[in-house]
Amino acid sequence: MGSFSVWLSWAQLITWGSVFYTFSLLMGPVERELGLTRAEVSLGFSLALLADGLMAYPIGRWIDQGHERKVMTWGSVWVGACLLAHSFIDSLLGFYGVWLALGIGMSATLYSPVFAIVTRRFPNDFRRGIIIMTFLGGLASTVFIPLSSWLIQSLGWRHALWVLAMLHWFICWPLHFWFLRHAHGKKSAEENQKLEIQGPCNPELQPPQIPADAIGVHLKRAPFWLLACFMFLTFSVSSALPAHMVSLLEEAHLSPAWVIAIPASIGVIQVLGRLLLFVFEKHLDVHTANKWIPCLVPLGLLFLVAGGLEPWAALMFVTFYGLGNGLNTIVKGTAMAQYVSRDHVGQLNGMLGLPLALGRAAAPLALGLLWTPEVGYTHGLRWLLLAGVLGVACLWLAQISAHQSAHKLGANNR
């Protein structure tokens, strides 16, 4: 499992870095060359997120059916082709078209599909595999913001995209093609029930045993909807902040050097948190860890709100935000399998693709609309703090509901 996750994490590093984090570096050059406004260019990224969400369910379903190798291999080829096509655009319509296509590629190559694959392949230790997977992925911004910036300055943005496309064709594509061979097909109902019993978690919190073709049953249970609310709220918070991080830190009266250094360090802080979880996880109860990890981001926001954007409060916020955002990826990537169903995790997470994409796309705009010259980000930060607290509450209720369902099932079987 270790080498499998480590090698595939290189593809995550490249895809997150070359697509997700490079967009902000392309905004300026594309605006100047094509004569576009900031709003027009920003809409391209929102379209990519929407396409990602629309494709999440079919991608998850294909992976649950055992087509993981085809999905991620051809996804890498597709992303490389889209980056190459991006280098030839000469109109706003072409720009929107290429980012819609990149959104489709993101849905087939980023964390959601690969987490579902790890869960299918290592049903008794999937959480540890996902932690390993996110080590390199967490450094995507740290690696690719300076790398893509250097490529754009040295080669121009069009030729820089050629280099990024080559990374997908000559690194990501071979990695997915080689390490995703021997894909697991769809399991029988008996195998599914056996895996539901043999889990990495406390048996008291195992999801109820449900036949493989009965995904609709999960949609009638409280844990799925509570986790949906948890993911929507936490994704919205984590998506709202990065776009405004520099402006927020400037309002905290930090020096220009710190304003640049702190956001760049978030990737390192995320990986540090994941490393600590990897080392100490065997000494922690997984459900207790899931309960308290999501509290880190709201705690960071609380420092920021209570400290009135003082420099010390900003530093505390970034520390807790970095740790929490990095570890929340693990919780969000495993919660559906732990509290609802391992066998349908691709489809269940896929059903949330569109609402999560809408939340991710709307959150940065909402935070910007709440900003005023008089109070800055104060009102927006308070709303984000409330959203973070409500998200934690939804996760806690999902754990309680899953525990009650498992306990009731165990009593009926005795």
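Analyst: A cavity is here a set of grid points where a 1.4 Å probe fits but cannot get out, and its volume is the space filled by probe spheres set on those points. The model under discussion is predicted.

A search of the whole structure finds 3 cavities of 30 Å³ or more. The largest cavity holds about 100 Å³ of space. Its lining is made up of Thr234, Val237, Ser238, Pro294, Val297, Pro298, Tyr321, Asn325, Asn328, Lys332, Gly388 and Val392. Two or more lining residues are given by each of the elements α12 (222–251), α15 (296–307), α16 (311–339) and α19 (378–413). Helix α16 provides the largest share of this lining, with 4 residues. By residue class, the lining of the largest cavity divides into 6 nonpolar, 5 polar and 1 charged.

The cysteines may be taken next. The search of the whole structure finds 0 disulfides. Cys229 is in no disulfide, and the nearest cysteine sulfur, that of Cys394, lies 4.7 Å away; a disulfide would require the two sulfur atoms to be within 2.5 Å. Cys229 has a relative accessible area of 38% and is partly exposed. Cys295 also counts as partly exposed, at 23% relative accessibility.

The buried residues in α8 are Ala140, Ser141, Phe144, Ser148, Leu151 and Ile152. Seen down the axis of α8, these buried residues fall within an arc of 115 degrees, so they line one face of the helix. An α-helix has 3.6 residues a turn, so residues three or four places apart point the same way. The exposed residues Trp150 and Gln153 are carried on the face of α8 turned away from its buried side. After α8 comes Gly156, whose phi is positive, near 90 degrees.

The C-alpha atoms of Ser141 and Gly267 are separated by 6.2 Å, although the two residues are 126 residues apart along the chain. Gly267 is placed in helix α13 (residues 256–280). With a relative accessibility of 1%, Gly267 counts as buried, because buried means under 20% relative accessible area.

Key: Residues are numbered from 1 along each chain as its sequence is written. This is a predicted model: local features need pLDDT of at least 70, side-chain atom pairs count only at pLDDT 80 or more; totals for chains, interfaces and linings use all residues. Side-chain values use heavy atoms; hydrogens and water are left out. On a 1 Å grid over the protein atoms alone, a cavity is a set of points where a 1.4 Å probe fits but cannot get out, and a pocket is an open set with protein on both sides within 12 Å along at least five of seven lines; lining residues have an atom within 4 Å of a point. Ala, Val, Leu, Ile, Met, Phe, Trp, Tyr, Cys and Pro count as nonpolar, Asp, Glu, Lys and Arg as charged, and the others, Gly among them, as polar. Buried means under 20% relative accessible area, exposed over 50%, partly exposed in between (1.4 Å probe, protein chains only). The arc is that of the directions from the helix axis to the C-beta atoms.
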